[in-house]
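I opened this model to look up a few things about its strands, cores and rings. My entries follow in the order I made them.

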Amino acid sequence: MKLSFNRWLGFKPVTWEQHPPFFWLLSGSWVLLLGGIVFLWHLGSTGLLDETEPLFAEAARQMTVTGDWLTPYFNGEHRFDKPPLIYWLMAIGYQMIGINEWAVRLPSALAAIGVISLGGYTLARYSQSRLTVWVGVAVMALGPEMMIWGRVGVADMLLTGCMGSALLTFFLGYAQPRWEIKQRWYLAAYLFMALAVLTKGPVGMVLPALTVGIFALYLGNGRSLWQEIQPLKGGLLVAAIAVPWYVLVIMANGEAYIEDFFGYHNLERFTRVVNNHAAPWYFYFLVVSVGLLPWSAYLPAALLRLRVWQRSQWQAQPRSHHLGLFCGCWFISIFGFFTLAVTKLPSYVLPLMPAAAILIALLMEEMRLAQPWSSLPPAQALQLPKPWRYLFTVSHWGTVLLMVLLAIGLYLSPRWLGGDPVMPELPEAFVASGALAWGVGIWSVAAIVATALLLRQRSQWLWGVSVVAFVAFILFTLQPTYYLVDTYRQLPLRQLATAIVKFRQPNEDVIMMGFKKPSLVFYTQQSITYLRTAGQIRKHLHQQNPPRTATQISPPQLAPSINATVPPPSTVLILAYPAEIQEDLHLSPGTYQDLDRAGVYQLVRVAKSDLLRATE
């Protein structure tokens, strides 16, 4: 039987009013359960992860100390990388629950739960099956990209939450027939867009506009949609919320802010490689494939399912059936934009993950309805032509193959885990902890169970196997491994931060040599000088004439470590690898005081005269 486009993509959805209260209760519980496990469970049990997370955390802390909520600072220097919303939320968290890791990461976790909840609500309104809602929520929550950045205190998940909410509320307005309710959803979309601009700059407005523009251009309804969304009114709302801070920060910092933020961190990141973040053109194909594990095998079929080459068929569909097409435009616009950008980072494509999850959930819905075990009567069951049945079969077995590859990759992981010189003991500790065995076992069993289900033509349960396996993987492998990484990588720095606070004399300089670990600034709440070579240290010491005073430190929150009335001591604290202290600085054990050691680091006190003489 020939498959009609209307039967495949335009079947009548279960309206949200038809969902019983028990469904909403169960769906809300499902979101809270996954959100609690994935994003909130032990969120603050490990230290901040160098390099980026402490930069955000300390900039927010300095706002609370100084009361300057306009210009972000880190270690006495302006931090113009990101707009203020993430710092403001962290600072509010500090005031509510204290200066700790929970307050740093909570904005990201709540943003992830928020966009997942809104994605589930959208599926509840515009999909055919209630099961699709739970599948979509699971795919969104359990994707590695969402899971990782939802537990890290940086701006990426907040941007994803704001941008994703802007696009979802736009669609909820677009598909809503009642004008007054439609306008409320559009208003919410503009509000979230403004928050996205306050999170990461112009990209928070450019990418939603690009998505909506491609969507309208494809359907050919741009003129009517332009009048409907009232962009002038919406643009004024976005400007009223987002622009004042930009005006004030430019007035306070002038051309330095314009060149750094708009020039370096926006325009130059798109047009040239920044901070050595270069990657080949196919980089995001790999990132998306890993970021959607173990469901990424379904993504090609989910995109092909849209059959965008049949434009007239889409144009004939009512708006309530356009969710899949809209998510396809969402996915393609963000993927294409950052593929064209020269600077590439894995987190850049995080905002497309909710769209990919919804596409996969809609695909799984139709795969379920097309099977012989479907609950629909034979006359109503979805009949698929052979090419599509083959594509679905390939997707199923591709998921099994990914499970097998995950098990093999984990089994071989000790061979490449030892590449970090800061954590030389991690591979042995990983094996000894049992986390490796649990991970290999979980994905091996999942692959066996999935194979048995496919052989018995019960692929409708494959998503459940993936969910159970991934939750077990989080509990028994990822969380214990994260604790190990924290123990070997970050705990020594926290211990040495405590030692610095204990041993540092008034006005004594602290130099971290060879590498930059921003967490030291956050945990000491004092200024740290980062220098790479012995020559830079010698130059730095020569430049300290006259010595630094409190009035020369900006911003003032670092002043407690500097007292203008107390002359600087003749010594300096050095934090480095032991080999660097002896070989690069040419210091013999008798010329410095060994204060503390932790992990691969050593903290020493050395006289400036001895240090200058040794580095001549």
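**Entry 1: charges over rings.** Arg311 lies over the face of Tyr218, at 6.0 Å from the ring centre. I then looked up Arg79, which lies over the face of Phe56 at 4.6 Å from the ring centre. I note here that the model is predicted.

**Entry 2: aromatic pairs.** How many aromatic pairs does a search of the whole structure find? I got 29. I took Trp24 and Tyr121 from the list. Their pair is tilted, with 6.1 Å centre to centre and 35° between the planes. Trp24 lies in helix 2 (residues 21-40) and Tyr121 in helix 5 (residues 101-126), so this pair ties together parts that are 97 residues apart in sequence. Trp24 counts as partly exposed, at 29% relative accessibility. Tyr121 is also partly exposed, at 22%.

Next I looked up Phe215 and Phe326. Their ring centres are 5.1 Å apart and their planes stand at 85°, so I logged the pair as edge-to-face. Phe215 belongs to helix 10 (residues 203-219) and Phe326 to helix 17 (residues 323-340), so the pair links parts 111 residues apart in sequence. Are these two residues buried or exposed? Phe215 is buried, with a relative accessible area of 0%. Phe326 is buried too, at 1%. Both Phe215 and Phe326 belong to one aromatic cluster, along with Tyr126, Phe170, Phe171, Tyr174, Tyr186 and Trp330.

**Entry 3: nonpolar cores.** I asked which residues have the most contacts inside the largest nonpolar core. They are Leu142, Phe170, Val288, Trp295 and Trp443, in a core of 176 residues. Helix 23 (residues 462-503) gives the most to this core, with 17 residues. Not counting residues up to four places away in sequence, Leu142 touches Leu34, Val38, Leu293, Trp295, Val467, Phe470, Val471 and Ile474. Another core lies apart from the largest one and has 17 residues, including Ile537, Leu541, Leu587 and Leu612.

**Entry 4: strand 3.** I wanted to know how far strand 3 (residues 509-513) is enclosed. Five of its five residues are buried, so strand 3 is largely enclosed by the rest of the structure. I sorted its side chains by direction. Asp509, Ile511 and Met513 point one way, Val510 and Met512 point the other way, and all are buried.

Which strands pair with strand 3? Strand 5 (residues 571-576) pairs with it in the parallel sense over four bridges. Within strand 5, Val572 is the bridge partner of Asp509. Strand 4 (residues 529-531) also pairs with strand 3 in the parallel sense, over three bridges. Here Met513 has Leu531 of strand 4 as its bridge partner. I traced the chain from strand 3 through helix 24 (residues 519-524) to strand 4, and this β-α-β crossover is right-handed.

**Entry 5: Arg61.** Arg61 sits in helix 3 (residues 53-66). At 3% relative accessibility, Arg61 counts as buried, because the cut-off is under 20%. What is Arg61 in contact with, leaving aside its neighbours within four places in sequence? I found Tyr94, Ile99, Phe522 and Gln525.

Conventions: Residues are numbered from 1 along each chain as its sequence is written. This is a predicted model: local features need pLDDT of at least 70, side-chain atom pairs count only at pLDDT 80 or more; totals for chains, interfaces and linings use all residues. Side-chain values use heavy atoms; hydrogens and water are left out. Buried means under 20% relative accessible area, exposed over 50%, partly exposed in between (1.4 Å probe, protein chains only). Helices (H or I, at least four residues) and strands (E, at least two) are DSSP runs, numbered from the N terminus. Two strands pair if DSSP finds at least two bridges between them. A crossover is right-handed if, with the strands pointing away from the viewer, the path from the first strand over the helix to the second runs clockwise. A nonpolar core is a set of buried Ala, Val, Leu, Ile, Met, Phe, Trp, Tyr and Cys residues joined through side-chain atoms within 4.5 Å. Contact means heavy atoms within 4.5 Å. Rings of Phe, Tyr and Trp (its six-membered ring) pair if their centres lie within 6.5 Å; planes under 30 degrees apart count as stacked, over 60 as edge-to-face and the rest as tilted. A charge sits over a ring if NZ of Lys or CZ of Arg is within 6 Å of the ring centre and within 35 degrees of the ring normal.
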